[in-house]
Amino acid sequence: MKKNSIKKIKEVGTLEELDRIAKMLVRRDFELSEIREKRDAELKELEKRNKEITGSRIALMNILEDVEKAKEKSEEERDKTLAIFDNFPEGLLFLDKENRISSANPDIKDLFGLDPEKIIGKRIDELGKSSLAPFIDILKESPKGIYRKELKLKENLILEISAIPVMKVEEKIGTLIILRDVTREKIIERLKTEFVSIVAHQLRTPLSAVKWTLKMILDGDLGEVSKEQREFLNKTYISNERMIRLINDLLNITRIEEGRFLYNVQKQSIIEVAERVIASSREEAQRRGIRFEFKKPRKKIPEVKIDSEKISLVFQNLLDNAIHYTKTGGHVKVSIDYLKDEEKIIISVKDTGIGILKDQQKRVFSRFFRGANAIKTETEGTGLGLFIAKNIVEAHNGKIWFESRKNKGSTFHFSLPTS
């Protein structure tokens, strides 16, 4: 009896133990399942990250490859730029924002006797005692932006200096200076001017003799001439006058180019100068059936320091154009105004003529230029009048400009300082 009871007790204990173990195994199995799921999730995450890392690595390698190619291309372009800079047939300097020389090509040594490598990194004003001194003065006096100026370093060396601001987006990062040797061009230009001057002088003498001979014949000093003879002689006289005017224009241009244009500069009344020219122009206007008007200032105006002969030539050229390119029944008006606050006198010549074509207006003051409509209207003309007028006015420190519309007329203005 006792043995059976003990056996049963042992069996019950064993079952409880087994049940406990079973429950523990189930719990462990559940925990292991969770761990396995978590591990699987981590493995999937690792695989995902591995793929991302692999993709990033490939992308990075592609970027590095592109960067390397871009670097090679950049170095190639830099080498090309440096090769162009060093082999450029003119002197080149590059100044940074602080006017330090960051680049200089070998021609600088030929022009100024300076070693380019020794001036790199120096401010331009630190070289004031070197052969660059006159060049530095020009840079200091020059306005900001693009400009061009000539500099005579020696008797046989003339440079044309061009300064160009180098921009990056809207910021100035430096200035490129180009130094061009124009000595040969200047010598050729001087020889050409001297040649034109000599030829013009040689031509003017016989033409003047022809003019006075024709004048004597037309005036009857050498006997009577028939009506038919007079017509031919008049045409010859007019053609001869045209040749003399052309030669005078060529001589004026050579004087302008030689810088010896103004001779007798003194204070005079601009109204008196204008009236002398207007007297002859008024007759021409009336002969052509053009109404002529001269508007003087109401109050007395100051005298101006001028070469009256040259200013008369400006008046004459502007009036001749206004009259010749205005049709019968038109109107030509000359007016003089004094701007006290600005200390200058403005002279205006207005007409109701053919005007100047818009696409040709930029060339109006160029030598030998004549507008297409002007050539059709008036076949005669040299295209030198306005070029000469512009140079005369600017030699007096004045300005000349105009407004014009096709078939609506033109108004030419020029100003002269009174101070």
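**Close-up 1. Helix H8 of the predicted model, its span and its buried residues.** At the start of H8, a side-chain oxygen of Asp 307 comes within 3.2 Å of the backbone nitrogen of Glu 309. This is a predicted model, in which local features need pLDDT of at least 70, side-chain atom pairs count only at pLDDT 80 or more, and totals for chains, interfaces and linings use all residues. Residues are numbered from 1 along each chain as its sequence is written, and side-chain values use heavy atoms, with hydrogens and water left out.

**Close-up 2. Strand S12 and the strands that pair with it.** Strand S12 (residues 409-417; strands are DSSP runs of E with at least two residues) is mostly covered, with eight of its nine residues buried. Pairing requires at least two DSSP bridges between two strands; S10 (residues 344-351) runs antiparallel to S12 and is joined to it by seven bridges, with Lys 344 partnered by Pro 417. Seven bridges also join S11 (residues 399-405) to S12, again antiparallel, and Trp 401 stands opposite His 413.

**Close-up 3. The hairpin turn between S11 and S12.** Three residues separate the two strands of this hairpin, and Asn 407 in the turn has a positive phi of about 60 degrees.

How values were computed: Helices (H or I, at least four residues) and strands (E, at least two) are DSSP runs, numbered from the N terminus. The expected span of a helix is 1.5 Å times one less than its number of residues. Buried means under 20% relative accessible area, exposed over 50%, partly exposed in between (1.4 Å probe, protein chains only). A polar contact is a pair of N or O atoms within 3.5 Å; within protein, one must be able to donate a hydrogen and the other to accept it, and residues adjacent in sequence count only if both atoms are side-chain atoms.
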